[in-house]
Every structure is written in structure tokens, then in C-alpha cells.
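Hi,

Here is the structure I promised to pass on.

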Amino acid sequence: MTHNNCGTLVRCLESIFNNTSAPYHLFLVDNASGDATPDLYRQLPPTATVVRNGTNRWWAGGINQGIRLAGDDFDRIFFLNDDIELPRRWLERLGGLLDANPDVGAIGPLNSNPNDWQCYDRVRTEMGVATLPAAPDVDRHDLAAMDALVSRNADPPGIGIRGMLAFFCVGLRREAVARVGLLDEAFVMGGDDDDYCRRLARAGFGLALALNTYVLHHGSQSINRLDEGTRAEFRRRNLARLAEKYPPSP
């Protein structure tokens, strides 16, 4: 899904096309971009389907369109932000871990953004994953170097987690999506991933973090263009929706 992020989308698409060797189809949902983004679409290969919305349906609405377009033709569905860059064999690694762990409904990678709990260094220190070395000499924004680092030290290649995965890059088993359903479009610019992970857990699916896959996540490109008042209102609404759906136990 994309909205007025031409610069980051170019890098994202290049990483997909250059680093994905397994068969795939890309459904790119454009939420009414008014920048140069639509000019890119003339250059896309036949492995891509573009949907251009007349209005911004926000992230959850755009992802739901992609789910509907995919139908039942794919065993796995991946949600990707337009502000990420993917390493070589990312699809094989994440998909392989899903295939090897049938109880897992969704899996996500490590990333570069310190604001995300899936940030490499936060996982290493806060979760105490000893197989992730400190590696102070490796630039966290050097995708090739970080990919080589996690590839060497990924034992185990993934771990089960509690809580939630951030949906900047997440792979889901088609069976899980069929059972849990679409994202809740009442959430705008946040909260939808938290909600969906809770729904996956209620449906009996586990969550996993891939320790063998690292992506660059430039982060918050769209929401940072909104004024603080709008961001605060979205946060308030999202938290209210979560509280409505998951009231505290008496």
C-alpha cells in the first residue's frame, strides 16, 4: 500500500524485484497519490497488479483490497509498507519459517528502526537473544552487511513471541487470514496490527519473529506529514477502539 511516498516506494520496489527469486505476485494499492508515484506504474513488470483509489482508504483499507485481490490463489500473504527495503531471499526465509511451523499464523523480520520493538538492537538487548551479536562496527542501515550478519548468526532462525508484530512487513498463512478475516478499518494509522495479532491469538495461531531476516524500515513516512493535532486524534480513536474491543478483565 502506498500514498504519496514516491521516493521510498522506488527503493522498496527495486528491493522486491531485485531480491525476490521465489514466485510471487505483487498487488500494489495506491491510496490516491498526488505526487509522482503514478508515473512509476508504467515501468512495472507483469508480476504486479496496481489498484489506484480515488480517495485515501488508509492503510487497513488498502491492505484489505490486496487481500481480496489475492483471493484463494496464494498459500501466503505478505503485507508490506512502502517505506521498507528487503534483502535477498527475504520471501524464501519468511515463507520457509511459516511452512516449517504450521501453528504460526504470522511472522515478521528484524529491522533497522529504533522506534520499533523489532529493531535488531532492541531484540538483542530487551529480549536477550544471545545469538544476535552487538556488532558495533556494522552500520544498521547497510542492508547487505546486516543481512550477512543475521544469516551467519541465525540459530535458531526464528522464535515464537507473545504480544504483537508490527505490520510494516509481515507474512501470514492464508488459512489464518481466512479464519480471522480482514483488518478492522476503524483503525487509522495505527492499532490495526495490534488488533489483528490479538485476533490471531484468539483463533489459536502463534506469532513468530524471524531472526534470519533483516529489513530496512525508514518508518512513519505518511503519519509524519500529518499535523500533531490530527496524529493525536488518530491515536485517541485507535486506543478507544482497542479498549472497546478488548475491555480489561473484571
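Below is what turned up, sorted by topic.

Some ground rules before the details: this is a predicted model, with local features needing pLDDT of at least 70 and side-chain atom pairs counting only at pLDDT 80 or more, while totals for chains, interfaces and linings use all residues. Residues are numbered from 1 along each chain as its sequence is written, and side-chain values use heavy atoms, with hydrogens and water left out.

**Aromatic rings**

Searching the whole structure gives eight aromatic pairs. Rings of Phe, Tyr and Trp (its six-membered ring) pair if their centres lie within 6.5 Å; planes under 30 degrees apart are stacked, over 60 edge-to-face, and the rest tilted. Take Trp58 and Phe234: the ring centres are 5.4 Å apart and the planes sit at 75 degrees, so this pair is edge-to-face. Trp58 belongs to helix H2 (residues 58-70) and Phe234 to helix H8 (residues 228-245), so the pair ties together parts that are 176 residues apart in sequence. Helices here are DSSP runs (H or I, at least four residues), as are strands (E, at least two), numbered from the N terminus. Trp58 is partly exposed at 28% relative accessibility, whereas Phe234 is buried at 9%. The cut-offs are under 20% relative accessible area for buried, over 50% for exposed, and partly exposed in between (1.4 Å probe, protein chains only).

Another edge-to-face pair is Phe167 with Tyr196, whose planes are at 65 degrees and whose ring centres are 6.1 Å apart. Phe167 lies in the loop between strand S6 (158-161) and strand S7 (169-173), and Tyr196 in helix H7 (residues 192-202), so the pair ties together parts that are 29 residues apart in sequence.

**Helix H7**

What does H7 pack against? First, the helix is mostly covered, with eight of its eleven residues buried. Those are Asp192, Asp193, Asp194, Asp195, Tyr196, Cys197, Arg199 and Leu200. The buried residues of H7 pack against H2, strand S5 (104-111), S7, helix H6 (174-180), strand S8 (206-217) and H8, where contact means heavy atoms within 4.5 Å. Just after H7, Gly204 has a positive phi of about 95 degrees.

**The second largest pocket**

This pocket holds about 650 Å³ of space. Of its 31 lining residues, His25, Leu26, Phe27, Ile77 and Phe78 are the closest to the centre. At least two lining residues come from each of helix H1 (6-19), strand S1 (26-31), H2, strand S3 (76-80) and helix H3 (90-100). By class, the lining has 22 nonpolar, six polar and three charged residues.

For the terms: on a 1 Å grid over the protein atoms alone, a pocket is an open set of points where a 1.4 Å probe fits, with protein on both sides within 12 Å along at least five of seven lines, and lining residues have an atom within 4 Å of a point. Points are joined across faces, edges and corners, and the volume is the space filled by probe spheres set on them. Nonpolar covers Ala, Val, Leu, Ile, Met, Phe, Trp, Tyr, Cys and Pro; charged covers Asp, Glu, Lys and Arg; the others, Gly among them, are polar.

Asp147 is in helix H5 (residues 143-153) and counts as buried at 4% relative accessibility. Leaving aside residues up to four places away in sequence, Asp147 touches Pro87, Arg88 and Arg93.

Most residues other than glycine have a negative phi, and most peptide bonds are trans. Asp155 and Pro156 are joined by a cis peptide bond, with omega about 10 degrees; Pro156 is in the loop between H5 and S6. Asn4, in the segment before H1, has a positive phi of about 55 degrees. Ala135 has a positive phi too, near 45 degrees, and is buried at 12% in the loop between helix H4 (120-126) and H5.

Cheers
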